[in-house]
Amino acid sequence: MKLKSISAFIILIFIFGIAYAGIANYSKPKVMTVERAMPEEAKACIECHGELNPGLVADWAMSRHAHAGITCYDCHRAEPGDSDINTAHKKEYNNKDLPYGDSKYYVPISTIVSPKDCSRCHAQEAEEYAKSKHANTLEVIWKIDPWLNDGMNSELEREAGCFYCHGSVVEMEKDGSFKEGSWPNVGVGRLNPDGSLGSCTSCHTRHRFSVAEARKPEACGQCHLGPDHPQIEIYNESKHGDIYHTFKDEYNFDAAPGTWTPGVDYRGPTCASCHMSGVKGVNTSHDVTERLSWELQAPLTVRPENFTAFPADTNWEEERSKMALVCQQCHSKSWTDDHYRKTDNVIKEYNEVYYKPAKEMLDKLYAEGKLDKSKFFDEVLEVEFYELWHHEGRRARMGTAMMAPDYAWWHGFYECKNRFNHFMHEAELLLEGKTDSKKAKNYPNATGSTEKPELLKYKK
Ligand code: HEC
Ligand code: HEC
Ligand code: HEC
Ligand code: HEC
Ligand code: HEC
Ligand code: HEC
Ligand code: HEC
Ligand code: HEC
C-alpha cells in the first residue's frame, strides 16, 4: 500500500485506533479528524517537511501532541517582532517543486521553541523548571568555575564539551540566522533569545516529547556520567538499577502524567522516580533541587540553601522528608532513616577528614607564595586538589547517597586516601623548598574568554 501523504497516514492511525478501541470495548472512542482541525498554514508544514524530513514528521505523528491536534505551527509560531524569528524561512515558500511551496501559505516561524513557548500550554512545568538548578546552571558555572573564569580552555572546547550539557547563550544575527558557535544548543540551561532559560528537549527529545523517555535513567545518563558526576554508573551498580535492567520490560513507562505509581507501574525506582515523579503525598516536580538535603556537588558539602553560587529557596528538612516519603513507598521508615544516617556520616567524614585539611594546606601554599594564585590548573597541586573534591570526593558522597558501594569505596574513599596522601606529601616538600611547584610553562589552549557573556544577567 502506498500512502498518499503524511496526513492520510495520520488519519489511518486514528481509524486503526478507533477499530482497536472497539475491540477492546473501551468507552465511546473519540473521533479526531486531523484535516478538519488544521488550518492550511499548519498543514503546509507537515506536507512540505514530510517530503524534506520524513523522519522528523513521522516522529511528531507518533507523539501525544499529534494525537491531541497540536501541530508544528502551535509550537513554532512567531509573532511579528519576536526576537527569534527565522526570517530566512520565508523564501522556502517560493519553491514550486515542494508541496505547499506558495507564498499564500506563509506564516512567520521561529526555529527555537523555548520553555516560554511550551509554557503557553504547560505553565506549571515551565515555572518549576525556571527556578531549578538545571535552568540556572549558566549562572552557577560563570560564578564559580575556574575553567571559565581563568580561561583555561578554548571556546571550542567549551562548545563541544561544557555547553553541550550545560547550554550556553543562543545568539541571533540581524537576519534571523544563528551566530556561529551558538547553535545547535541543547543544554539544560541555555539562555534563549526570549530570555527564558533551558531546553525542554534535554529530557523529552523532539518531536516525540515523550514522558516515557524522561522516566528512564538513560534520559539523565547522557549528562550525568563520567569521573566527576557518575550518577548513571552509580545507578547501574545499585540494586535499583539492577532491578530496572532485569524487569524494565514489565514497567509501565507510558502511564499518564502524574499517575506513575511505585509497585503498580514499576518495582524499582529510576532517577525520575526519586528526583521528579510524584508519589502519594509528594507532587511531581520539574525542579530537581527539590528533595535534596545536601549540595553534594560542592567542594565543601553544605545545605542547598547555603550554596552561595545559587542558594536554593528550600528548607533541607522538608525536602528530605519528601525524598524519604518516596523511599517509603517501597521501604520501611527505619530502612530509610538508616540510609540517611550513613549518608550524613559519610558527608561529615569527607568534609572533616579530607576536604578541610587539604583546603587549609592549599591556602597555606598560596599564602607562602609557593603556588601562584593567578591561574588555576597550571600547577600540579591545584589539579590534585581539584580532583580530590571534584572527582574522588564526589564519587564517595554520591556513591553513598545513591546506594553504590563500589563508588563509595573503590572509586571514592580509597582514591581520596591516595590523592590526599600524595597531595600532602608534595605540599610538604614544596613548603620545605625541596621541590618546585611543577608549573606548566605552556598550558595548552588556555585561550577561552574570561568575560561572562554580556547577555547573562545576574546579581554578583
Ligand atoms: C514549501 C516548503 C516548506 C513549508 C511549507 C514549510 N517549510 Fe520549514 N523549511 C523548509 C525548508 C526548505 C527549510 C530549510 C531546510 C534545511 O535547512 O535543511 C525549512 C526550515 C525550517 C526550520 C528551521 C530548521 C533549522 O534547523 O534552521 C523550521 C523550524 C521549520 N522549517 C518549520 C516549519 C514550520 C513550523 C512550518 C509551517 C508553519 C514550515 N516549516 C513550513 C521548507 C518548508
Ligand atoms: C511540541 C512543540 C513542537 C511541535 C509540535 C513541533 N516542533 Fe519542531 N521543534 C520543537 C523544538 C523544541 C525544537 C528544537 C529547537 C530548540 O531547541 O529550541 C524543534 C526543532 C525543529 C526543527 C529544527 C531542528 C532539526 O532537528 O532540524 C525543525 C525543522 C522542526 N522543528 C520542524 C517541525 C515540524 C515540521 C513540525 C510538525 C510536523 C514540528 N516541528 C512540530 C518543538 C516542536
Ligand atoms: C498549544 C499547546 C501546547 C504546546 C505549545 C506544547 N504542548 Fe505539550 N502537550 C499539549 C497537549 C494538549 C498534550 C496532551 C495531553 C494529554 O495527552 O493528556 C501535551 C503533552 C505533552 C507531554 C506529555 C507527553 C506524554 O508522553 O504523555 C509532554 C512531555 C509535553 N507535552 C511537552 C511539551 C514541550 C516540551 C513543549 C514545548 C517544546 C510543549 N509540550 C508544547 C499541548 C501543548
Ligand atoms: C557530560 C556533561 C557535562 C559536561 C561536558 C560538563 N559538565 Fe559541568 N556538570 C554536569 C553535571 C551533570 C553537573 C551536576 C553535578 C552534580 O550535581 O553531581 C555539573 C556541574 C557543574 C558545576 C557545578 C559544580 C562545580 O563543579 O562547581 C560547574 C561549575 C560545572 N559543571 C562546570 C562545567 C564546565 C566549565 C565544563 C567544561 C569545562 C563542564 N562543566 C562540562 C555535566 C557536564
Ligand atoms: C530533567 C529532565 C526533564 C526536563 C528538562 C523536562 N522534563 Fe518534563 N518531565 C520529566 C519527567 C521525568 C516527567 C514525568 C513525570 C511523571 O512521572 O509523571 C515529565 C513530565 C512532563 C509532562 C507531563 C505532565 C507532568 O507534569 O507530569 C509535561 C507536560 C512536561 N514534562 C513538560 C515539560 C516542559 C514544558 C519542560 C521544559 C520547561 C520539561 N518538561 C522539561 C523530565 C523532564
Ligand atoms: C542535558 C544535560 C542534562 C540532563 C539530560 C539532565 N541533567 Fe541533571 N544536571 C545537569 C547539569 C549541567 C546540572 C548542574 C546544575 C548546576 O548545579 O549548575 C544538573 C544537576 C542536577 C541535579 C542537582 C541539582 C542540585 O540542586 O544540585 C539533579 C538532582 C539532577 N540534575 C537530576 C537529573 C535527572 C533526574 C535527570 C533526568 C530525568 C537529569 N538531571 C537530566 C545536566 C543534565
Ligand atoms: C533511590 C532513589 C534515587 C535514585 C534511583 C537516584 N537518585 Fe540521585 N539522589 C538520591 C538521594 C537520596 C540523593 C541525596 C539527596 C540529598 O541531598 O539528601 C541523590 C543525589 C543526587 C544528585 C546530587 C545533587 C547534589 O547535591 O549535587 C544528583 C545530581 C542525582 N542524585 C542525580 C541522579 C541521577 C541522574 C540518577 C539516575 C541515573 C539518580 N540520581 C538516581 C536518590 C536517588
Ligand atoms: C519503587 C520501589 C522502591 C523505591 C521508591 C526505593 N527503593 Fe530501594 N529498593 C527497592 C527494592 C525492590 C530493593 C531490593 C531489595 C532486596 O535487596 O531484596 C531495594 C534496595 C534498596 C537498598 C539495598 C541495597 C542493597 O545492596 O541491598 C537500599 C539501601 C535502598 N533500596 C534504599 C532506598 C532509598 C534510600 C530510597 C529512597 C531514596 C529507595 N530505596 C527507594 C525498591 C525501592
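## Ligand 6: contacts and shell

An oxygen atom of ligand 6 lies 3.0 Å from an N or O atom in the side chain of Glu 295, a polar contact in the sense of a pair of N or O atoms within 3.5 Å, in what is a predicted model. An oxygen atom of this ligand is also 2.6 Å from an N or O atom in the side chain of Thr 137, and a polar side-chain atom of Lys 133 stands 2.6 Å from an oxygen atom of ligand 6. Two or more residues of the shell are given by each of α9, α11 (155-166), α13 and α16 (271-275), where helices are DSSP runs (H or I, at least four residues) numbered from the N terminus.

Around ligand 6 there are 23 residues, of which Lys 133, His 134, Cys 220, Cys 223 and His 224 come nearest; a residue belongs to such a shell if one of its heavy atoms lies within 4 Å of the molecule. By class the shell has twelve nonpolar, nine polar and two charged residues, with Ala, Val, Leu, Ile, Met, Phe, Trp, Tyr, Cys and Pro counted as nonpolar, Asp, Glu, Lys and Arg as charged, and the others, Gly among them, as polar.

His 134 lies in the loop between α8 (123-130) and α9 (137-144), and His 224 in the loop between α13 (217-221) and α14 (231-237), so the pair ties together parts that are 90 residues apart in sequence.

The iron atom of ligand 3 is coordinated by His 65 (NE2) and His 122 (NE2) at 2.0 Å. Since His 65 lies in helix α5 (residues 64-67) and His 122 in the loop between α7 (115-118) and α8, this pair ties together parts that are 57 residues apart in sequence. The six donor atoms around the iron atom of ligand 3 subtend angles of 88 to 178 degrees, which makes this arrangement octahedral. His 65 is partly exposed at 21% relative accessibility, and His 122 is partly exposed at 38%; buried means under 20% relative accessible area, exposed over 50%, and partly exposed in between (1.4 Å probe, protein chains only).

## Surroundings of ligand 1

Cys 45, Cys 48, His 49, His 89 and Glu 92 come nearest among the 19 residues around ligand 1. A nitrogen atom of ligand 1 is 2.8 Å from a polar side-chain atom of His 49, and a nitrogen atom of the ligand is 2.8 Å from an N or O atom in the side chain of His 89. The elements giving two or more residues to this shell are α3 (40-52) and α6 (72-76), with α3 supplying the largest share, six residues.

## Overall fold and core

The protein has 20 helices and zero strands, and 42% of its 460 residues count as buried. Its largest nonpolar core has 26 residues, and those with the most contacts inside it are Leu 365, Leu 371, Leu 381, Phe 385, Phe 413 and Phe 423; a nonpolar core is a set of buried Ala, Val, Leu, Ile, Met, Phe, Trp, Tyr and Cys residues joined through side-chain atoms within 4.5 Å. Two or more core residues come from each of α18 (333-367), α19 (380-401) and α20 (405-431), and α18 gives the largest share, nine residues.

## Basis of the values

Residues are numbered from 1 along each chain as its sequence is written, while chains are lettered from A and ligands numbered from 1 in the order in which they are written. Local features need pLDDT of at least 70 and side-chain atom pairs count only at pLDDT 80 or more, whereas totals for chains, interfaces and linings use all residues, and side-chain values use heavy atoms, with hydrogens and water left out.

Note on methods:
Polar contact = N/O pair within 3.5 Å; in protein donor to acceptor, adjacent residues only side chain to side chain. Donors = N, O, S within 2.8 Å, 3.2 Å for Na, K, Ca; no water. Tetrahedral: all angles 85-135°; square planar, octahedral: opposite > 155°, others 65-115°.
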